[in-house]
Amino acid sequence: MKNLPTRRLELFYRAPAPDEARRSQERIFERLHELERENGTHIETHKWPMRVVLERDTDERAARALASYTEFDNWAHSHHMSLRPYFTEHESHWFTGEDTNELILPMVCLAVYDGDELVDVFPRTEGNHAVSINQFLDRLESELGHYELTHQPAR
């Protein structure tokens, strides 16, 4: 069996979530747990907020979410891809009572690392084509007949 480079999958999710979004999250969790159980793939999960105030959010979870978004966005731009419309930035005043720039995070996001290097992010767009987490998982599950995923310990 050919070895796939060492991979770490990190799943980011919002909670609580509306019923339909929660069911979608649960289906993704189930697929990832199956990969973990059947192939030893270790999945790290991170709960993140619905929104981050860009100029002044000092909450630790929001700061980690913003750092992840920045990493993902830089990766996407360097590969001529986009994280929009899944991540959106806009001006708002309802959350803080003042005009602020906010980042709205998607209900679920999957980052794929090879060691410490980010190698993929889902969902994303390539031109006008959306690439979902489920499309990635379909491809990964089909490749498992040819590759072996190994666990990279969490940082």
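Which residues does phenylalanine 72 touch, not counting residues up to four places away in sequence? They are Phe12, Trp48, Leu83, Phe87, Cys109, Ala111, Tyr113, Leu118 and Val121, where touching, or contact, means heavy atoms within 4.5 Å.

## What you're looking at

This is a predicted model, so local features need pLDDT of at least 70 and side-chain atom pairs count only at pLDDT 80 or more, while totals for chains, interfaces and linings use all residues. Residues are numbered from 1 along each chain as its sequence is written, and side-chain values use heavy atoms, with hydrogens and water left out.

The protein has three helices and 11 strands. Both kinds of element are DSSP runs numbered from the N terminus: helices are H or I with at least four residues, strands are E with at least two. Walk along the sequence and you get β-β-α-β-β-α-β-β-β-β-β-β-α-β.

## The sheet

Four strands make an open, mixed sheet, in the order β3-β2-β7-β8; two strands pair if DSSP finds at least two bridges between them. At the edges sit β3 (43–48) and β8 (117–122), each pairing on one side only. On average, neighbouring strands here are turned by 25 degrees against each other, direction ignored.

Strand β2 (residues 7–14) runs parallel to β3, and six bridges join the two. One to look for: glutamate 10 has glutamate 44 in β3 as its bridge partner.

## Helices on the sheet

Helix α1 (residues 19–39) packs on the sheet, touching β2, β3 and β7 (108–114), and its direction makes about 160 degrees with that of β2. For these angles, axes are lines fitted to C-alpha atoms (for helices, over the stretch in contact), and values run from 0 to 180 degrees between N-to-C directions. Helix α2 (residues 60–78) lies across β2, β3, β7 and β8, at about 95 degrees to β8.

## The cores

Back to Phe72: along with Trp48 and Phe87, Phe72 has the most contacts inside the largest nonpolar core, which has 19 residues. A nonpolar core is a set of buried Ala, Val, Leu, Ile, Met, Phe, Trp, Tyr and Cys residues joined through side-chain atoms within 4.5 Å; buried means under 20% relative accessible area with a 1.4 Å probe, protein chains only. α2, β7 and β8 are the elements that give two or more residues to this core, and α2 gives the most, with six. Another core, of 16 residues, lies apart from it and includes Leu11, Ile133, Leu137 and Leu144.

Over the whole protein, buried residues make up 41% of the 155 residues.

Notes
Buried < 20%, exposed > 50% of the residue type's maximum accessible area, 1.4 Å probe, protein only.
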